[in-house]
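Me: I would like to go through a protein structure by question and answer. Please keep to plain steps.

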Amino acid sequence: MIPMFFLSTIVIFSLIHVAPGDPIEIMFTESGRPPAREVIEELRKSLGLDKPIYVQYFIWINKLLHGDFGIAHSTAYIGQPVLDLIKSRFRNTITLMFTAQMMSLLIGIVLGVFAAIKQYSIFDTLSSIIALFGYSMPNFWLALMLVFIFALGLGWFPIFGTHEIGSDLTGLPAITNLI
């Protein structure tokens with residue numbers, strides 16, 4: 001697990017650095033006020049972007065391992081600690097995860113018991129086909145199709161927003177995660 005963690009961080013860090021555009025210039029372009037070239041160079045130096053990429057990686061991974069996720073530079077959240085942004089969304093993530101897991105357990109146990117009782121029946125075969133279909137389908141595609149059918153087409157679910165556990169908003173993402 002540890003080698004996979006480091007390998008994935010190296011890949012992600014490298015992909016961010018090969019993406020087009022200079023992060024400093026993009027940050028100021030979003031804010032709408034282009035600074036002087038000296039200001040850009042000073043900010044690049046203060047953020048350590050003037051160092052070689054491998055040095056930047058080791059500085060970043062050291063901070064990450066010590067719990068420092070950095071400061072957001074997007075205009076919507078500029079200056080806010082990234083860890084605070086993650087914490088503010090953690091409750092919704094746990095709510096969704098808990099709802100999906102409870103639905104998975106309830107439906108899985110019930111269907112598994114019925115399939116075991118009616119072994120080799122049409123119900124057993126159909127439940128096996130549905131389970132195979134659910135495992136084979138990418139979640140992002142299923143989510144788009146469910147939103148298209150049940151939220152946009154039928155209007156049974158809201159498209160966005162946040163609510164409490166058991167509300168209609170947790171239903172569609174939980175069903176997507178369930179399948």
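Reply: One definition comes first: a residue counts as buried under 20% relative accessible area, as exposed over 50%, and as partly exposed in between. The model is predicted.

Me: What percentage of the 179 residues counts as buried?
Reply: To count as buried, a residue must have a relative accessible area under 20%. Of the 179 residues, the share that counts as buried is 18%.

Me: Is phenylalanine 58 buried or exposed?
Reply: Phenylalanine 58 forms an edge-to-face aromatic pair with tyrosine 57, at 5.5 Å centre to centre and 70° between the planes. Tyrosine 57 has a relative accessible area of 10%, so tyrosine 57 is buried. The relative accessibility of phenylalanine 58 is 53%, and the cut-off is over 50%. Phenylalanine 58 is therefore exposed.

Me: Which residues form one aromatic cluster?
Reply: Tyr57 and Phe58 pair with 70° between their planes. Both belong to one aromatic cluster, whose members are Phe13, Tyr57, Phe58 and Trp60.

Me: How many residues of each class are in the contact of H1 with H4?
Reply: H1 passes H4 in a right-handed crossing. On the H1 side the contact is made by Phe5, Phe6, Thr9, Ile10, Phe13 and His17, and on the H4 side by Ile53, Gln56, Tyr57, Trp60, Ile61, Leu64 and Leu65. By class, these are 10 nonpolar, 3 polar and no charged residues.

Me: Is glutamine 56 buried or exposed?
Reply: Glutamine 56 lies in helix H4 (residues 53–65). Leaving aside neighbours within four places in sequence, glutamine 56 is in contact with Phe13, His17, Gly48, Leu49 and Lys51. Its relative accessible area is 10%, so glutamine 56 is buried.

Me: What handedness does the crossing of H5 and H6 have?
Reply: The axes of helix H5 (residues 82–117) and helix H6 (residues 122–136) come within 8 Å and cross at roughly 140°. H5 is therefore oblique to H6. The crossing is left-handed.

Me: Which residues of H5 and H6 make the contact?
Reply: The residues of this contact divide into 4 nonpolar, 1 polar and 1 charged. H5 supplies Leu111, Phe114 and Ala115, and H6 supplies Phe123, Asp124 and Ser127.

Me: Where is tyrosine 120?
Reply: Most residues other than glycine have a negative phi. Tyrosine 120 has a positive phi of about 65° although it is not a glycine. At 70% relative accessibility, tyrosine 120 counts as exposed. Its place is in the loop between H5 and H6.

Conventions
Residues are numbered from 1 along each chain as its sequence is written. This is a predicted model: local features need pLDDT of at least 70, side-chain atom pairs count only at pLDDT 80 or more; totals for chains, interfaces and linings use all residues. Side-chain values use heavy atoms; hydrogens and water are left out. Rings of Phe, Tyr and Trp (its six-membered ring) pair if their centres lie within 6.5 Å; planes under 30 degrees apart count as stacked, over 60 as edge-to-face and the rest as tilted. Buried means under 20% relative accessible area, exposed over 50%, partly exposed in between (1.4 Å probe, protein chains only). Axes are lines fitted to C-alpha atoms, for helices over the stretch in contact, and angles run from 0 to 180 degrees between N-to-C directions. Helices (H or I, at least four residues) and strands (E, at least two) are DSSP runs, numbered from the N terminus. Angles under 35 degrees count as roughly parallel, over 145 as roughly antiparallel, 65 to 115 as roughly perpendicular and the rest as oblique. A crossing is left-handed if the near helix is turned anticlockwise from the far one by less than a right angle, and right-handed if clockwise. Contact means heavy atoms within 4.5 Å. Ala, Val, Leu, Ile, Met, Phe, Trp, Tyr, Cys and Pro count as nonpolar, Asp, Glu, Lys and Arg as charged, and the others, Gly among them, as polar.
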